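Here are a few friendly notes to read alongside the structure. Please take them in order, with the viewer open.

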Amino acid sequence: MPDEEVLEEGVLNPVKPEIQDPLLREIIDENQSKPAASRDPLEQAALLPEVEETVDCVVIGTGAGGAPLLARLAMAGLKVVALEAGGWHDPTKDFATDEKAQAFLFWNDERLSAGKDPVAFGRNNSGTGVGGSTLHYTAYTPRAQDDDFHLHRDFGAGVDWPFGYNELEPYYEELEHFLGISGPENYPWGKARKRSYPLAPLPLNGAAQLMQRGCAELGIRTSPAANAALSARYYQEGVGWREACTNRGFCQAGCNNGAKASMDVTFLPLAAAHGADIRPNSYVTEIERNSSGHVTGVVYTQNGIQQRIKCRNLFLCAGAIETPRLLLLNELALTSGQVGRNFMAHTGIQVWGTFAEDIRPYKGIPGSLISEDTHRPKDADFAGGYLLQSIGVMPVTFASQAARARGLWGQAGRDYMRDYNHIAGINILGDCLPHADNFLELAEEKDARGVAKPRVHFTAQPNEQRITAHAEKVMRQIWEAAGATDIWAFPRYAHTIGTARMGLSGDDAVVDANGRAFDVPNLYICDNSVFPSALAVNPALTIMAVSLRTADKFLEKERRRDQ
Amino acid sequence: MSAPFYPEGTVRALLATDLVTEATRTALAARLDAPLYEPQFFDGVTYELLRAVAARLFPQPDRETPIELAHAIDERLLKGESDGWRYEALPPDREAYRLGLGGINESAQLLFQHPFLSLSPEQQDAVLAAVQRAEAPGTTWETLPAQLFFEELLAELTENYYSHPIAQEEIGYVGMADVPGWHHLGLNNLDPREPESN
């Protein structure tokens, strides 16, 4: 690697910071042109931030990828530090039932969306704060099915996971009981589960009842969905009592009573109870390594002050945009050529309709009804499949989407929104295949922190287009059968997946089946960037399962080394 | 089926009760009682142009004091805040707004030989509809994709409008009054504090 700046002996730092602020640049230039440095002891240049003691593991990111493994590593007695770019909130006091006021939950540093189907970020696909995106996830937690992991085996499309459902099953079960997932007694799809959900399902809201009605007409099976929100008070190991969901319907803008199993009320307090040191407002800028290619530490900015920490192992869990962005900025783990590539986003088309009934879409868990009858449709002309979910929706999110998709304005726009209480939606969560045209790269343009913005290219390919077309037809039929008028579709893509994928070989994957980077022996990656395929299911539960597995595999290796 | 009308005053009344948390009340009251605003990012003329555009996209002939939609855009651009993403085909937000508003004026001149502010409401609507369809004349639109600019403008105004308690009242939304939780779920099943349409 040319032009590397040597910070101290043995530590290489390829990141070349660029001073954005013209005033600061002027001051620096001025200082550099001064002939002699002052000898006044009070005027000596500041030293590099002092290095703290070396910890066993640094974990970057505290969402579904970072938090479970943080707890696992801390419980094994390791000295662990988590660095979280966002703040640490008290939801009971800080969270307003107001979409605009809650915008601080999203990663608002600007990303550039390119391609023919540019993917929205911000509130759609990102998160920040202690707890990461789980602070605003919808808490939909179905398990992936066995065939989800084997698209290539079954269809010759995409790539297979290096392991299958059986490997994750014990983790799914552990998570459902640890998080307190509410779900049906008998879930109609997938492999029979060994233990039922610990809590009864949450009540069906208006949209769910309408979807149930429409699906019944058409012979499509439905079930109350699995949701990581408590249908009853739940005692949680290491955390204490969490209160039941009050049907506030505001999951996507932050739960304020701890009923939703976001990481800040589950794995993170558990980790902290076992000695994990969680540092909020800590934005990582550099990953340092030695000449043999091992990571040696991390440089981050906390509340405007630069800090450094040394570590024996690094777990990068910053999500499928920030994780590859950090790797690219640091020229780390790039030998496979796959970092930033294989970007996938779930096909997520929504279909909306207007009903005579009073629905009040703001009440109840947003996704209370599910169908996986479309997991492998008989008449499919595509690889993979999708699931169907009813959707409740907050007013600003809905109005904004309707404005974008329908382009209604003037009196027509206001008239349509006066029907808000009579509108219900269904959406899908479907497969997406990796494609050479869909990738993330660093742009020339810098964000407000002076760091190169990520540019994400996404163009739906024929497989995604066919899934979307199939699903739109099915959902329109369901809504017609349920009695809807003024039906319209909003094609969209949700979740960010695949930009540092796992695989069997360093030739076509960034990490191995245990989450360890092929070319950096003490770097682990765990978030949705390691997913080799999208899975026709909401990702959070599987990210957490992979996180626990990554921790267990790491601990196994450490134990072997000790012997 | 014609769209429902909800009684006035429901949200303002709820905000005064302990059915609303302090954090929620603070957020909503700030919008409800927003002080008069002087633009700080846009110059006075451009700001008036933005207000005129907003008045056509969200006409409010039913209100003595319309909900102000432009000031949050001016504030956001002044602070350089982002909502986390941007169509790559558009320039950065500040530039997009400056160019786009200039483009609306340019199209107004070319279509009706007057600046946008001097046009009749019908003419103003015609200009905006042409921009939305990417059929508006003017050199601006050779570099700024008209449809995308219009979509972003409409989405931001829409979010500003429906974030306002009075607009939420208009659509019968009372989700902010959630302290006791919601006990009546499902179709045609209202909690006592939910307003019924007439």
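1. Strands are DSSP runs of E with at least two residues, helices are runs of H or I with at least four, and both are numbered from the N terminus. Within this pairing, A:Ser113 sits opposite B:Tyr87.

2. This is a predicted model, in which local features need pLDDT of at least 70, side-chain atom pairs count only at pLDDT 80 or more, and totals for chains, interfaces and linings use all residues. Residues are numbered from 1 along each chain as its sequence is written, while chains are lettered from A and ligands numbered from 1 in the order in which they are written.

3. The predictor assigns the complex an ipTM of 0.98 and a pTM of 0.93. For chain B, the average pLDDT (the predictor's confidence in each residue, from 0 to 100) is 96, and 99% of the residues score at least 70.

4. Now look at the whole contact between the chains: chain A supplies 59 residues and chain B 45 residues. Here, contact means that C-beta atoms, placed from the backbone, lie within 7 Å. On the chain A side, the elements giving two or more residues include helix 3 (91–94), strand 5 (111–114) and helix 6 (206–218). Helix 9 of chain A gives the most, with six residues.

How values were computed: Two residues are in contact if their C-beta atoms, placed from the backbone, lie within 7 Å. Two strands pair if DSSP finds at least two bridges between them.
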